[in-house]
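Here's a quick briefing to read with the model open beside you. Have a look at the fold first, then work through the points below.

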Amino acid sequence: MFWIVLTLFVIISALLTVIILMQEPKQSGLGEGLGGGGGGGFDFGTRGGVAGGLQRVTIYMGVVWGVLALLLQAVPR
């Protein structure tokens, strides 16, 4: 059972990394986040299309990743 959970954890980790890298950045980077940029602000609104779908998939996969991480500690080797 441990090896099944570990295998799923590794696969989800790799997929989550790819999906995060596919997303477009919302800001210019760390400089703007620390006050280096002008207007705007954080965009907490919903996004449609592919960007919204990737964001939703990222959230769901992040939850699954967290559950698998906890399961790895609970399942005996």
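A helix here is a DSSP run of H or I at least four residues long, numbered from the N terminus. By that reading, Thr58 lies in helix H3. Keep in mind that this is a predicted model, with a mean pLDDT of 81 for the chain.

- 70% of the residues reach a pLDDT of 70 or more.
- Among the elements of the chain, H1 comes out highest with a mean pLDDT of 95, while helix H2 (residues 30–36) is lowest at 57.

**The nonpolar core**

- The largest nonpolar core has eleven residues: Phe2, Val5, Phe9, Ile12, Leu16, Ile19, Leu54, Met61, Leu68, Leu72 and Val75.

**Around Thr58**

- Thr58 is buried because its relative accessible area is 17%, under the 20% cut-off.
- Its side chain reaches back to the backbone oxygen of Leu54, at 2.6 Å.
- Setting aside neighbours within four places in sequence, Thr58 touches Leu16, Ile19, Ile20 and Gln23.

**Around Leu16**

- Leu16 sits in helix H1 and belongs to the largest nonpolar core.
- With a relative accessible area of 13%, Leu16 counts as buried too.
- Beyond neighbours within four places in sequence, the contacts of Leu16 are Thr58, Met61, Gly62 and Trp65.
- Take Trp65 from that list: Leu16 and Trp65 are 49 residues apart in sequence, yet their C-alphas are 8.5 Å apart in space.

**The start of the chain**

- There are two aromatic pairs in the structure. One of them joins Phe2 and Trp3, edge-to-face, with 5.4 Å centre to centre and 80 degrees between the planes.
- Buried or exposed, how do Phe2 and Trp3 come out? Phe2 is buried, at 9% relative accessibility, whereas Trp3 is exposed, at 62%.
- Leaving out neighbours within four places in sequence, Val75 is in contact with Met1 and Phe2.

Key. Residues are numbered from 1 along each chain as its sequence is written. Side-chain values use heavy atoms; hydrogens and water are left out. Rings of Phe, Tyr and Trp (its six-membered ring) pair if their centres lie within 6.5 Å; planes under 30 degrees apart count as stacked, over 60 as edge-to-face and the rest as tilted. Buried means under 20% relative accessible area, exposed over 50%, partly exposed in between (1.4 Å probe, protein chains only). A nonpolar core is a set of buried Ala, Val, Leu, Ile, Met, Phe, Trp, Tyr and Cys residues joined through side-chain atoms within 4.5 Å. Contact means heavy atoms within 4.5 Å. pLDDT is the predictor's confidence in each residue, from 0 to 100. Helices (H or I, at least four residues) and strands (E, at least two) are DSSP runs, numbered from the N terminus. A polar contact is a pair of N or O atoms within 3.5 Å; within protein, one must be able to donate a hydrogen and the other to accept it, and residues adjacent in sequence count only if both atoms are side-chain atoms.
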